[in-house]
Amino acid sequence: MVLVNLPYLVKGMYIVNPAAADDSNLGLNSTVCYSLSHISYLKGQGDLECTAGTMTDVKQIIIKKLGIEVGYTPFVSTREHLTQYAPRTLDELPPRSMQDSFTSAIIPLTSDKILKDKYVGFMGNVRLGRLMEDMDMFAVWVVHKHLLLPNLPEGVALPYTFVTVMVDKIDFTDLVPTHDADIRLSGHVSWVGRTSIEIVVWMEQKLHGKWRKLTRALFLMAARDATNTKAALINPLIPANEEEKVIFDGGESRKKRRIQLQKEDLLKTEPNDFEQGLVHDLFVKSIDTKSRAFNKRILPPGYTWMEDATMANIVFSHPEDRNAHNKVFGGFLMRNALELSWALAYNFAKRRPKLEHISDISFHHPVDVSSMLNMQAHVIYTDLHYMQIVVLADVYDAVTGQQTTTNSFYYTYSVAERLPHIMPKTYHEAMYYIEGRRKFRFAMGLDAPKGTTARKKRRIQLQKEDLLKTEPNDFEQGLVHDLFVKSIDTKSRAFNKRILPPGYTWMEDATMANIVFSHPEDRNAHNKVFGGFLMRNALELSWALAYNFAKRRPQLEQIYDISFHHPVDVSSMLNMQAHVIYTDLHYMQIVVLADVYDAVTGQQTTTNSFYYTYSVAERLPHIMPKTYHEAMYYIEGRRKFRFAMGLDAPKGTTGPTQ
């Protein structure tokens, strides 16, 4: 295949791609989305439809330009000698324009029958995962076209290593790609920093003699030196005219947005007011509001537990899956993640889903060849007939059992019918829910909610704030979020994997229960169970729990807030449950709930709640809630403790005082 150097400016005008209209989110418009749909003017070569041959040709050229040896060996040849050719200053690198990097390549499905078998799916359609592999490889080829090193001797390999940092956004049209028509990839550099570079890639398929748009994507890549040990300078990008300046400014805007998103990362910053209100609404929906038992969860109609909307797969990588630098090819990971997400979407919706968007693909760590990958997919948010899915790729060490998240992928699918809502059970899953909602709204081009509910005014006394009616205040939500961050591996994006930090005890392990039978001797003057009988049993149960938790005799400091919600009939069977819900230094706060138990229906109704403060001589471990429901217990326990001990509510604080 002859490689053609294609200038694409004709009398100062860009070639127009009608199929690529409405790329405003990209910073592109229909007058600057370059295509080869109209290239008959090219020196009589009216049948020319690409500039770089096939994708197979592109791969071979990349290998040659990087000086990579053909054939796998676990011992990679050193490229250290190439570092001497790396540019030291930007003055050594001539500026480039977008037209310098514009290129295109074909996937010849009509003529290559063997190749077609790799791309066709079991339903006769094209495997989108395979196309993602090609788009990743093609983005690297665009970067090669952008590079120009005047001081590099002829025949010397490029002193670079290119790493995919993230795929910002991939949108799909309604056109479903078929397996019996050629596909073309086109693209160019859209923005350049000192050592990073953004590439726009779009994909078309030739149907009925015309190229029709399938998708377009934004790739962000980092330039590294030949040994992949430090960042490397690359040619600056100078817009050649107003159209290119619009595209370049779009890249600057996306850079600012990426910085802002890093600041809003849920591992660094608690959810905003509106999002915290959403989580609290889900909490209220998933409990019986007639009961004070926050840790008893119910699934409301039309909802599905998030933990039930998941799918996992073990993926083995082999030498054939490597890139030019002997690491697992990013496109291989993208293909496997996409196919797992599609399988989960199909299983969740019970019908064939349509991929609408890929909103964020992040590459956190390189993956060694021969690694064993544990890929987990979760439906983390739904809205009408849309679902948001996250796939995490973890490198699994079979010897130590440790897993390290190397990649995260976010997909938006749709089906014709309305989908059930997703209900998180834990605070960790609630963070998934919030992140899924964020990704979904960005992918769909929706504005952030306006006029969000302001934080409710802090009540004069904390005991008047009912957590079944009012969400926790800002300080308290910060406490819960801090506990969330402490209980996960911050190197991983797996919010549903919990770890117990040193000095903490799970709340669910600090509990004790007792069945209490009431008899006629326990009645009051009105033939109901005497309140003192309930108080005695609750106090004794709380003391037993405090003794068991502290492993030494506790001192009862305060009894604060004993509530009688419903009268108890004589002969009732009471289920009393005690929980350590908060600790501070050598103090512990315990709640005891008395539920009347109906043996026939299995229903329990909370009739009484009791709060006790105990102390011991030694410092106690902190309490760590696992679920959002337990987190509400934690907040309520803290409120009761501070009031009982005569402590003022914290003012002007932004985090926990412990």
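This is a friendly dialogue on reading the predicted model shown above.

Me: How many helices and strands does the protein have?

Reply: Helices (H or I, at least four residues) and strands (E, at least two) are DSSP runs, numbered from the N terminus. Here there are 11 helices and 21 strands.

Me: What percentage of the residues is buried?

Reply: A residue is buried under 20% relative accessible area, exposed over 50%, and partly exposed in between, using a 1.4 Å probe and protein chains only. Of the 658 residues in this protein, 53% are buried. The accessible surface, computed by the Shrake-Rupley method with a 1.4 Å probe, comes to about 29900 Å². Carbon and sulfur atoms hold 52% of that surface.

Me: What share of the contacts joins residues 24 or more positions apart?

Reply: Contact means heavy atoms within 4.5 Å. Among contacts with a separation of 6 or more, 75% are between residues 24 or more positions apart.

Me: In what order do the 10 strands of the open sheet run?

Reply: Two strands pair if DSSP finds at least two bridges between them. The order here is β3-β5-β6-β7-β4-β10-β13-β12-β11-β9, with antiparallel pairing. At the edges sit β3 (103-107) and β9 (310-316), each pairing on one side only. For angles, axes are lines fitted to C-alpha atoms, for helices over the stretch in contact, and the angles run from 0 to 180 degrees between N-to-C directions. From one strand to the next, the twist averages 25°.

Me: Which residue stands opposite S104?

Reply: Look across to β5, where S186 stands opposite S104. Five bridges join β3 to β5 (residues 183-192), and these two strands run antiparallel.

Me: Which helices lie on this sheet?

Reply: Helix α1 (residues 55-66) lies across β3, β4 (160-172) and β5, at about 125° to β3. Helix α5 (residues 242-263) also packs on the sheet, touching β4, β5, β6 (196-207) and β7 (210-225). The direction of α5 makes about 75° with that of β5.

Me: How many salt bridges are there?

Reply: A salt bridge is a side-chain nitrogen of Lys or Arg within 4 Å of a carboxyl oxygen of Asp or Glu. By this rule the count is 18. One of them joins E133 and R335, whose closest N and O atoms are 3.1 Å apart. E133 lies in helix α4 (residues 128-146) and R335 in helix α7 (residues 330-349), so the pair ties together parts 202 residues apart in sequence. Both residues, E133 and R335, are buried. R130 is linked with E133 and R335 in a network of salt bridges.

Me: Is K296, the partner of D595 in a salt bridge, buried or partly exposed?

Reply: K296 is partly exposed because its relative accessible area is 25%. D595, at 2% relative accessibility, counts as buried. The N to O distance between the side chains of D595 and K296 is 2.4 Å.

Me: Which residues does H280 touch?

Reply: H280 sits in helix α6 and is buried, with a relative accessible area of 3%. Leaving aside neighbours within four places in sequence, H280 is in contact with L467, T470, E471, P472, Y628 and M632.

Me: What is the strand order in the open sheet of five strands?

Reply: The order is β16-β18-β19-β20-β17, paired antiparallel. The edge strands are β16 (511-517) and β17 (555-564). Seven bridges join β16 to β18 (residues 573-584), and F517 stands opposite M573 in β18. Helix α11 (residues 628-644) lies across β17, β18, β19 and β20 (604-615), running at about 70° to β18.

Conventions. Residues are numbered from 1 along each chain as its sequence is written. This is a predicted model: local features need pLDDT of at least 70, side-chain atom pairs count only at pLDDT 80 or more; totals for chains, interfaces and linings use all residues. Side-chain values use heavy atoms; hydrogens and water are left out.
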